[in-house]
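Thanks for coming. I will go through one model this morning, starting with the aromatic rings and then moving to the helices.

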Amino acid sequence: FDAELLAVLAPLFALKVVFEMATVVPNALIVRSMRFHLVALRTLVATLISAAIALGLVLAGHGLWALVFAHLSASFIKAAITWWTCGWVPAGLPRMRALRELARYGLFACGNQLVQVLGSRADQAVIGLFLGVRSVGLYNFSKRIFSMVHDVTSGALGTVSHPMFSEVQNQPEKIRRGFLVSTFLSSVVS
């Protein structure tokens, strides 16, 4: 998009990936123990604080940096709260056998996430291509407001569905019924 600032922003957004990767195991332990109130609390706190940071920076005239620090602060706060509430500390390195067992599911989950990310960013690419960087920024800010509401309400449903489906993975009828119910609930809430 002819935006030289992206060379500065890309490494900063790489921090978001680090924060989110650091929470994978603690978050899985929280979800596995069915403490969904912690997931909701973490999301609510991170959303409110990052929104306050974004609004403060926008009102102070920092424009694009408001979006950058809103995203980074949300990821950092979620990571901090997840580690603080999970009650787990790593003990040693993982065993190769355990890593191989997780590889099949992990590859599927990564592929699924990649398709979702590419699909969710296509609109931004089209807006940037035809309307420019400023329009993408405005669009992303408005999209973020919707995302805050969605994360707090129906976002937790996705977090609940993975452990639920893993418990009944050998029962196709329960998986089908659970998928239909979770899809319906997600649609109603959204």
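Predicted model: local features only at pLDDT ≥ 70, side-chain atom pairs only at ≥ 80, totals over all residues.

Before counting, a rule: rings of Phe, Tyr and Trp, taking the six-membered ring of Trp, are a pair if their centres lie within 6.5 Å; planes under 30 degrees apart are called stacked, planes over 60 degrees apart edge-to-face, and the rest tilted. By that rule there are three aromatic pairs here. One of them is Trp65 with Phe69, a tilted pair with 6.1 Å from centre to centre and 35° between the planes.

Residues are numbered from 1 along each chain as its sequence is written, and side-chain values use heavy atoms, with hydrogens and water left out.

Now the overall picture. Helices are DSSP runs of H or I with at least four residues, strands are runs of E with at least two, and both are numbered from the N terminus. The chain has eight helices and zero strands. The C-alpha trace spans about 50 × 40 × 30 Å along its principal axes.

For burial, the cut-offs are these: buried is under 20% relative accessible area, exposed is over 50%, and partly exposed is in between, with a 1.4 Å probe and protein chains only. Of the 190 residues of the chain, 22% are buried. A contact means heavy atoms within 4.5 Å. Among contacts between residues at least 6 apart in sequence, 70% join residues at least 24 apart.

Where do Trp65 and Phe69 lie? Both are in helix 4, residues 64-86, and they are four residues apart, about one turn of the helix. Trp65 is partly exposed, because its relative accessibility is 29%. Phe69 is also partly exposed, at 38%.

Two packed helices are described by the angle between their axes and the distance between the axes. Here the axes are lines fitted to C-alpha atoms, over the stretch in contact for helices, and angles run from 0 to 180 degrees between N-to-C directions. Angles under 35 degrees count as roughly parallel, over 145 as roughly antiparallel, 65 to 115 as roughly perpendicular, and the rest as oblique.

Helix 3, residues 36-59, packs with helix 4 at about 155°, and their axes are 8 Å apart. That angle is why helix 3 counts as roughly antiparallel to helix 4. The residues in contact include Leu38, Ile49 and Leu57 of helix 3, and Trp65, Phe69 and Thr85 of helix 4. On the term itself: a crossing is left-handed if the near helix is turned anticlockwise from the far one by less than a right angle, and right-handed if clockwise.

Helix 2, residues 24-32, also meets helix 4: the axes come within 9 Å and cross at roughly 55°. Helix 2 and helix 4 are therefore oblique to each other, and their crossing is left-handed. Pro26, Asn27 and Ile30 of helix 2 touch Thr82, Trp83, Thr85 and Cys86 of helix 4.

Helix 2 packs with helix 3 as well, at about 130° and with the axes 7 Å apart. This pair is therefore oblique. Asn27, Ile30 and Val31 of helix 2 meet Phe36, Leu38, Val39 and Arg42 of helix 3.

One residue ties these together. Is Thr85 buried or exposed? Thr85 is buried, because its relative accessible area is 19%. Leaving out residues up to four places away in sequence, Thr85 touches Ile30, Arg35 and Leu38. Its C-alpha atom is 33 Å from that of His62, 23 residues away along the chain.

Between helix 2 and helix 3 there is a loop, and Met34 lies in it. Most residues other than glycine have a negative phi. Met34 is not a glycine, yet has a positive phi of about 60°. Met34 is exposed, with a relative accessible area of 56%.

Last, the cysteines. A disulfide is counted when two cysteine sulfur atoms are within 2.5 Å. The count is zero. Cys86 is buried, at 8% relative accessibility, whereas Cys110 is exposed, at 54%.

That is the end of the talk.
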